[in-house]
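Trainee: I'd like to learn how to read the contacts between chains. Could you walk me through them?

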Amino acid sequence: MKVMERVRESTVGRSIWRAPDRATERDRAAGHWANFFLHIYPVKMRRKEMTFRYTWFLGVASVVLFGSLVVSGIYLMFFYVPSPASAYGNIQNIQTQVAFGQYMRNVHRWSAHLMVLVVAAHMARVFYRGSYKSPKEFNWVIGVILLVLTLLLSFTGYLLPWDQLAYWAVTVGASMAGFVPLLGETIKGILIGGDTVGSATLLRFYVLHVAVLPTAVVILITIHLWRWRKDAMLDTGADDE
Amino acid sequence: MSEEIERREFLKKGWMAGAGLIGVAGIWTTWDVLQPGESAGFGGEVRTIPEEAVPQDGVVAVPAARAYLTSIDGEVVAVSETCPHLGCRVPWCESSGQFECPCHGSIFNRKGEAREGPTPRGMSRYPVQIIDGLVIVNTGEPEEGEPMGTAETIDEPKRGPSCAEGSH
Amino acid sequence: MSDREPVVVDGKRVLGVVPGTPPGGERKVLDEQEPVMVWPHLLVRHGVAALVVLVVVLLLALFFNAPLREIANPMDTPNPEKAPWYFAALQELLAHFHPMVAGVLVPTGIIIGLVALPYIDRNPRLSPRFRKVAVATFTVFMVVWIVLTLIGFMFRGPNWGWVWPWQDWYGEL
């Protein structure tokens, strides 16, 4: 503790933290403001909004699961080539040859399933709490988009092992898109890039899964949290029993 | 003074048109790039098996054409193996003498006509030519099957137990 | 650590000498509406929540291997063909309705409905007691969806026929 304080108050420490004093609440608020990582949080919140009962911490849980997916996903990317000729063999290789490969794949899979579950539960919790009401309407809309993106991420990842489970689930999913009025066949074509699920589909789903969709999710989560911070003090409890 | 305004208006319209143009170009090229490519083999005329090998009371699968061949009243019919419901491959059930889709339980007769299940129509058929005794399937021009509820044109009721073990 | 209010850890008050303010007074009843510093009050809780979630994932991964079936084979549709569990409800609907209805209209309708919810429900009250219609509608939708998901996930076998999960298990994760 002492050492940390000395570091904070040194010339270098002052240049990093900028508000090194921790004596008064005002100091600490200044330190909070000056911190990049803390700036997604409000400085103060009502005691009630911090309890398990209020949020069940489902939002935090989704972010943590997303982080776990990014880490395990990057690990898996080192050992995977998205082509029908190699994909399945790569997965077998990950499971049998790569250090911690099987474990990382498990982490990725279960994090993904849990994330779908937790995001859905988060939405239900926000509904019952009434936290979508004015002026937070648009943050709810962003949340719905994030739910859809979560499902798409999970579904695009489902194809990558190129096993029977993957192939036919995506065949059925793409056929569903084919029933959209007027545009059905076009959408299906763009989705799978050919007559049937094949190498073009695998590549498209891979790019969506590792680049396009995660970027979209990161941007939207940032906006989601920023708006959450702005609205943090709104629930005055006037309605509580 | 008025000249100033005009110039400002012109510049405003100018950059809006420019941005719009770039946007349209971007969407157009993206759209174009994403169009599905041609796949080799399938999608054109596929040479399959000799006409004599096509069965009268069953079907034979011809994987290259993603189809089944069967003979109805002495005429070879090519039925697409893809379920018109959601794209699963429909296997032929020997014991019941009908196509039974594993995905959602749609059932079709030997000609691919919809019999029961959630499928909106019968299985697609491909035009067939016989050249030098060999069946040529034109997979480029599928004909959609008739909608569910159309009367079947062959009289071949279910002839035995269905292949689905767990079904009722 | 020096809050103007006494810091409470495990129900016990931690006293400290705070420069400029008198030492902690009588024990205060915590005011739920009172704003307090996010660090440490919320961040510590979030840290614990994050650790719990991580431990759950790491343990799950330790004991259950991710499934890997045979290599994809366009010539052979597995029987039954199961969608991932979060689409099991849709798949169940697809077995009963025209694909245009079950595969397009229902999912689009659900998404549009969810997006529109805060603009349709303009009632400012928060407590469920004062928003019976909204709560009832959402609950019915959720129960129906969960039941459909469970049916599609656990109670469907070959050719999408009915099976009892304790007799045959076809669920896929």
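Trainee: How many salt bridges are there between chain A and chain B?

Mentor: Bear in mind that this is a predicted model. Between chain A and chain B the count of salt bridges is zero. Polar contacts are a separate matter: the rule finds two residue pairs across that interface, both residues at pLDDT 80 or more.

Trainee: Which elements of chain A give two or more residues to the side that touches chain B?

Mentor: They are helix 9 (164-177) and helix 10 (184-192) of chain A. Helix 9 of chain A gives the most, with five residues. By class, this side of chain A divides into five nonpolar, seven polar and two charged residues.

Trainee: What area is buried between chain A and chain B?

Mentor: About 1100 Å², with carbon and sulfur atoms giving 68% of that area. The contact draws on 14 residues of chain A and 17 residues of chain B.

Trainee: Now for the other partner of chain A. How many residues of chain C are in contact with chain A?

Mentor: Here 80 residues of chain C are in contact with 78 residues of chain A. The buried area is about 7700 Å², and carbon and sulfur atoms give 66% of it. On the chain C side, C:Gln33, C:Met37 and C:Leu68 lose the most area to chain A, together 9% of what that side buries.

Trainee: How many salt bridges does the rule find across the interface of chain C and chain A?

Mentor: It finds four. In one salt bridge, the side chains of C:Glu32 and A:Arg53 meet at 3.3 Å, N to O. Helix 1 of chain C gives the most to the side that touches chain A, with 18 residues. That side has 51 nonpolar, 12 polar and 17 charged residues.

Trainee: In what sense do strand 1 of chain A and strand 3 of chain C pair?

Mentor: Strand 1 (residues 44-46) of chain A pairs with strand 3 of chain C in the antiparallel sense, over three bridges.

Key: Residues numbered from 1 in each chain as written. Chains lettered and ligands numbered in written order. Predicted model: local features only at pLDDT ≥ 70, side-chain atom pairs only at ≥ 80, totals over all residues. Heavy atoms only, no water. Contact = heavy atoms within 4.5 Å. Buried area = accessible area lost by both parts, 1.4 Å probe. Helix = DSSP H or I, 4+ residues; strand = E, 2+ residues; numbered from the N terminus. Nonpolar A, V, L, I, M, F, W, Y, C, P; charged D, E, K, R; others polar. Pairing = 2+ DSSP bridges. Polar contact = N/O pair within 3.5 Å; in protein donor to acceptor, adjacent residues only side chain to side chain.
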